[in-house]
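The exercises below ask you to read a pair of protein chains step by step. Try each task on your own before you turn to its solution.

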Amino acid sequence: MIWDLHCHLGALPGRTPHERMAELMAYADRLGIERVVVFMGWPHAVDPDPDEMRRQNDQVLDALSHWHDRAFGFVYLNPNHVDASLREFQRCVVRGPMVGIKLWVARRCHDEALDPIIAAATEQRAIIYQHTWYKTTGNLEGESTPENLVALARRHPRATFICGHSGGNWELGIRAVRSVDNISIGLGGFDPTAGVVEMAVRELGATRVVFGSDAAGRSFGSQLGKVIGAEVSDADRNLILGGNLEQMLTPILRSKGTGS
Amino acid sequence: MIVDTNVHFDRWPTRRLPDDEPKRLLARLAEHDVAGAWVGSFDAVLHRDVAAVNQRLMKLCRIADRERLVPVGTINPTLPDWQEDLRRCAELHGMRALRVYPGYHGYALDDESAAELLTEAARLGILLQIVANLEDERTQHPLLRATGVDVEPLIAWMGRLPELHVMVLGARRPRTRPEVIEQLVSTGRVTFDLSMLEGAGCVAGWIEQFGHESLVFGSHAPLFAFESALLKIAESPLGELQRRAILAENAQRQLDQLAELP
Ligand SMILES: [Zn+2]
């Protein structure tokens, strides 16, 4: 069973969300990826205003409507607009079908401005996916590091966090989040460097390692290869490829009455 | 059957890798039906005694698997008397392909040092593998930073040197622009490996833009997971002809063409 934590509608042909989803799922099918999590619309907006946030989330809602049996959605929020973000959370998660939130690079995530957003997500048991990088070339001003996420997660011990991209420089990212149990790492969106999964399992345990691709910007295949090629037990591999994500989603799916 | 054009022995300078022992790496390749592997050495990235690196590589390939391994020596044209390394690779070791790392050795393809190297490679009928990237710039060790190689100057070289044959390893898109790729592959003497191609269906996307004759299989193992390259092939819907061309025939043909040069 393969579930992909991290997909986007950008970087695909197609005029409508439905057309783009059909493209995305055709590639997913070729590699046996059963379910995907989708967030953000197009074109990429690093600091969307409330209208743009809503427009992009509408694109994802539209995408989900045709694929509710195989796709989950995370709502894209911008902590530079907290009230609008809380309204979007209500609309897309509490009253809508989405099951998590996506935070990108508008504002560093250790900022206390995020607290009401995280509190709302925790209340609903929604997964919080935070993009993180340690870029050798330097982060964007609003781009969080894994350490920023650690600061946030320590204030919200009951929330479920994903450290996106494993921090890119994963030898640093894995170490950074090691001591904080409610942070798992997402394996998508960096080059398929061998050894990442082995180190993650060694330092975090397999239950805190989650497969995601960052398709369609990344190749499903290149990213899946990190896990398929790793020297880990089959039991651990299965957790990473889908078991962990299913487990993380179970509470919110149950409360929505859509649990599998 | 697979010919993997982008493999390295020896140690990556900043990390131990699951397959950085030849035995492990060769077992991995054998498991996936790799019939030919073009092998360079990570030592060549930083060592200045490149002659010794090439000699060890030659010996290791002979001992480990004479049938399947194609040793690919390194030339660093910024070193004193690099011409002697080239002579040894060609005459002594009988190498048919050589690997260069302009990003790590500190020169550009329109520099003086590249000019003589490219001219000599063309004269000797040696396939030049130009390593555009070994690693994403964003994940490099802070003390081992190298920018991606701009291959645009190659367009002029391909025109000037009709005997020059080049394979670009680790080109990243969109950094390497489509107009540049287009012009290079239209010469029929430049191929690209797929090790750093990204995007859902990236292999099919390449074929649609540049045709299937210009792409070769390169895993960049052991730094990259070998399976990643394999799954990129599986991800794209390919005809049998295209599959075979990319997995083995394009690379093999490029070497064979050179063997036929006068
Ligand atoms: Zn992403």
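A residue is called buried if its relative accessible area is under 20%, exposed if it is over 50%, and partly exposed in between, with a 1.4 Å probe and protein chains only. The model is predicted, so local features need pLDDT of at least 70 and side-chain atom pairs count only at pLDDT 80 or more, while totals for chains, interfaces and linings use all residues. Residues are numbered from 1 along each chain as its sequence is written, chains are lettered from A and ligands numbered from 1 in the order in which they are written, and side-chain values use heavy atoms, with hydrogens and water left out.

**Exercise 1. Describe the zinc site and place its donors in the chain.**

Begin with the donors, which are N, O and S atoms within 2.8 Å of the metal (3.2 Å for Na, K and Ca); water is not among the atoms, so sites may look incomplete. The protein donors of the zinc ion are His6(A) and His8(A), each through NE2, and Asp214(A) through OD, at 2.1 to 2.4 Å. Along the chain, their spacing reads H-x1-H-x205-D.

Next, locate two of them, remembering that helices (H or I, at least four residues) and strands (E, at least two) are DSSP runs numbered from the N terminus. His8(A) lies in the loop between strand S1 (2-7) and helix H1 (17-30) of chain A, and Asp214(A) in the loop between strand S8 (209-210) and helix H8 (220-228) of chain A, so this pair ties together parts that are 206 residues apart in sequence.

Then consider accessibility: His8(A) counts as buried because its relative accessibility is 7%, and Asp214(A) counts as buried because its value is 13%.

Finally, look at the backbone. Most residues other than glycine have a negative phi, and most peptide bonds are trans. Asp214(A), however, has a positive phi, near 75 degrees.

**Exercise 2. Work out how helices H2 and H3 of chain A are arranged.**

Start from the axes, which are lines fitted to C-alpha atoms, for helices over the stretch in contact, with angles from 0 to 180 degrees between N-to-C directions. The axes of H2(A) (residues 50-66) and H3(A) (residues 82-94) come within 10 Å and cross at roughly 20 degrees. The two helices are therefore roughly parallel, given that angles under 35 degrees count as roughly parallel, over 145 as roughly antiparallel, 65 to 115 as roughly perpendicular and the rest as oblique.

Now list the contacts, meaning heavy atoms within 4.5 Å. Among the residues that meet are Met53(A) and Leu61(A) in H2(A), and Ala84(A) and Cys92(A) in H3(A).

**Exercise 3. Decide how far helix H7 of chain A is covered.**

Count first: H7(A) (residues 196-204) is mostly covered, with seven of its nine residues buried. Among these buried residues are Val196(A), Met199(A) and Leu204(A). After the helix comes Gly205(A), with a positive phi near 85 degrees.
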